[in-house]
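Here are a few friendly notes to read alongside the fold. Have the structure open and follow the points in order.

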Amino acid sequence: MKHLLLILIATIIPSSIIFAQSTIISGMVIDEPSGEPIPYATIAVMSPTTSKILAGTTSKDDGSFSLSTDSSSFIIEVRFIGFITKKIETFDIVDGKIDLGKILLSNTEHSLDQVQVTAEKSSVEFKLDKRVFNVGSDL
């Protein structure tokens with residue numbers, strides 16, 4: 001019985017490894033207006049039905065990235081702070097590889113109107129030999 005179980009396990013595990021196909025996704029994230037690479041952009045492989053993240057990585061200093069997934073149905077999302085998120089739903093798989101080439105991200109048009117900074121003077125001052133309480137500003 002033990003031998004039969006070992007033979008069964010020995011034939012199932014290698015066959016599942018052989019049939020599991022991994023897809024390698026690669027590309028480069030580029031700033032559209034300047035043509036400069038965008039380092040540390042987030043690349044996520046997501047389920048098209050549930051939007052669950054299946055795999056992910058960040059781009060390198062030169063904007064390039066590479067990741068792999070075992071899923072057969074997915075979308076690719078590329079995002080970076082200050083840029084419009086790009087979703088890629090159509091791509092060609094050639095020999096288990098997807099080369100997305102240059103992915104151009106454009107800037108968002110959102111900006112702050114103004115920033116107001118306020119400060120208060122401390123109500124207690126420490127001098128060499130005494131403490132001074134400024135109660136006039138607290139009233």
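1. Strands here are DSSP runs (E, at least two residues), numbered from the N terminus. This is a predicted model, in which local features need pLDDT of at least 70, side-chain atom pairs count only at pLDDT 80 or more, and totals for chains, interfaces and linings use all residues. Residues are numbered from 1 along each chain as its sequence is written, and side-chain values use heavy atoms, with hydrogens and water left out.

2. That pair belongs with the link between β1 and β4, which run antiparallel and are joined by six bridges. Two strands count as paired if DSSP finds at least two bridges between them.

3. Strand β1 (residues 23-31) also pairs with β7, in the parallel sense and over seven bridges. Within β7, K97 stands opposite I24, and I103 is the bridge partner of V29.

4. Put together, the order β4-β1-β7 makes an open sheet of three strands with mixed pairing. Its edge strands, β4 (64-69) and β7 (97-105), each pair on one side only.

5. V29 is worth a click: leaving aside neighbours within four places in sequence, its contacts (heavy atoms within 4.5 Å) include I43, F65, V78 and L105.

Key: Helices (H or I, at least four residues) and strands (E, at least two) are DSSP runs, numbered from the N terminus.
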